[in-house]
Amino acid sequence: MTIDSTQDERDDGRRAEPGPGARRAPSSGAAGVLAAVGHRWPTLLALALAVATFADGLPAPGFLAAVLVTMPLCYLLFGALRGELGRPRVLALQIAGLLGFAAAALIALTVDRTTGLYLLAAGWLGHAAWDFAHHRSGRVVPGAWSEWCCVVDACGALSMALMA
């Protein structure tokens, strides 16, 4: 072995498998594309739902407000089922989120339609950030749920803001 030899030469041609935390090199060609798409299935489903929901215009503001209240309720349900609301701080944060999103939804229903849609868009965008934070932490909800919800919320917020 020389000083400038490669790792493969030093290992006599034997290849070591990467450890559990190591990233594998991306596959090339069709297999790589399918692997990437398969890994992002929550995003693809969310995009399909967003297109189906907003392609032909905005749903009624009352429906959009109800969804904004329902989203944090789902987080409370997931958190309870996963046993992650046992710590008072986690439960308090989830309830604060519910109250904040519910307040935004209620206020949006009391103002004129355009202002209400902008408030709902802001609420949905805020929930997308909430989803992203949960996705990064890996707590309260499954990662696939927070990814899916983040994309739906962001697309919905953009649609509301553009169509208000």
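Reader: In which helix is aspartate 131 found?

Author: The model is a predicted one. Its chain contains seven helices and zero strands, running α-α-α-α-α-α-α from the N terminus on. Aspartate 131 lies within the helix that spans residues 113-137, namely α6.

Reader: Which side chain of opposite charge is nearest to aspartate 131, and how far away is it?

Author: Aspartate 131 is buried yet takes part in no salt bridge. A salt bridge requires the nitrogen and the carboxyl oxygen to be within 4 Å. The nearest side chain of opposite charge is that of arginine 82, at 12 Å.

Reader: With which residue does arginine 82 form a salt bridge?

Author: The count for the model comes to one salt bridge. Arginine 82 is partly exposed, with a relative accessible area of 36%. In its salt bridge the closest N and O atoms are 3.6 Å apart, and the partner is glutamate 84.

Reader: Which residues does aspartate 131 touch, leaving aside those up to four places away in sequence?

Author: Tyr75 of α4 and Ser146 of α7 both belong to the contact between those two helices. Aspartate 131 itself is among the α6 residues that make the contact with α7. Leaving aside residues up to four places away in sequence, aspartate 131 touches Tyr75, Ser146, Cys149, Cys150 and Asp153.

Reader: Is the crossing of α6 and α7 left-handed or right-handed?

Author: The contact between these helices includes Leu117, Trp124 and Phe132 of α6, together with Gly143, Val152 and Met160 of α7. As α6 passes α7, the crossing is left-handed.

Reader: How are α4 and α7 oriented to each other, roughly parallel or roughly antiparallel?

Author: Helix α4 comprises residues 61-81, and its axis comes within 13 Å of that of α7, crossing at roughly 165°. Here too the crossing is left-handed, and the contact involves Leu64, Met71, Cys74, Tyr75 and Phe78 of α4. Since angles over 145 degrees count as roughly antiparallel, α4 and α7 are therefore roughly antiparallel.

Reader: What is the phi of valine 140?

Author: Most residues other than glycine have a negative phi. Valine 140 is placed in the loop between α6 and α7 and is buried, with a relative accessible area of 4%. Although valine 140 is not a glycine, its phi is positive, at about 70°.

Reader: How far apart in space are leucine 68 and histidine 127?

Author: Leucine 68 is located in helix α4 and is buried, with a relative accessible area of 0%. Among the residues it touches are Phe101, Ala104, Leu120, Trp124 and His127. Leucine 68 and histidine 127 are 59 residues apart in sequence, while their C-alpha to C-alpha distance is 7.9 Å.

Reader: What percentage of contacts between residues at least 6 apart in sequence join residues at least 24 apart?

Author: Buried residues make up 32% of the 164 residues in the chain. Of the contacts between residues at least 6 apart in sequence, the share joining residues at least 24 apart is 74%.

Notes
Residues numbered from 1 in each chain as written. Predicted model: local features only at pLDDT ≥ 70, side-chain atom pairs only at ≥ 80, totals over all residues. Heavy atoms only, no water. Helix = DSSP H or I, 4+ residues; strand = E, 2+ residues; numbered from the N terminus. Buried < 20%, exposed > 50% of the residue type's maximum accessible area, 1.4 Å probe, protein only. Lys, Arg positive; Asp, Glu negative; His and termini not counted. Contact = heavy atoms within 4.5 Å. Left-handed = near helix turned anticlockwise from the far one by under 90°. Axes fitted to C-alpha atoms, helices over the stretch in contact; angles between N-to-C directions. Parallel < 35°, antiparallel > 145°, perpendicular 65-115°, else oblique.
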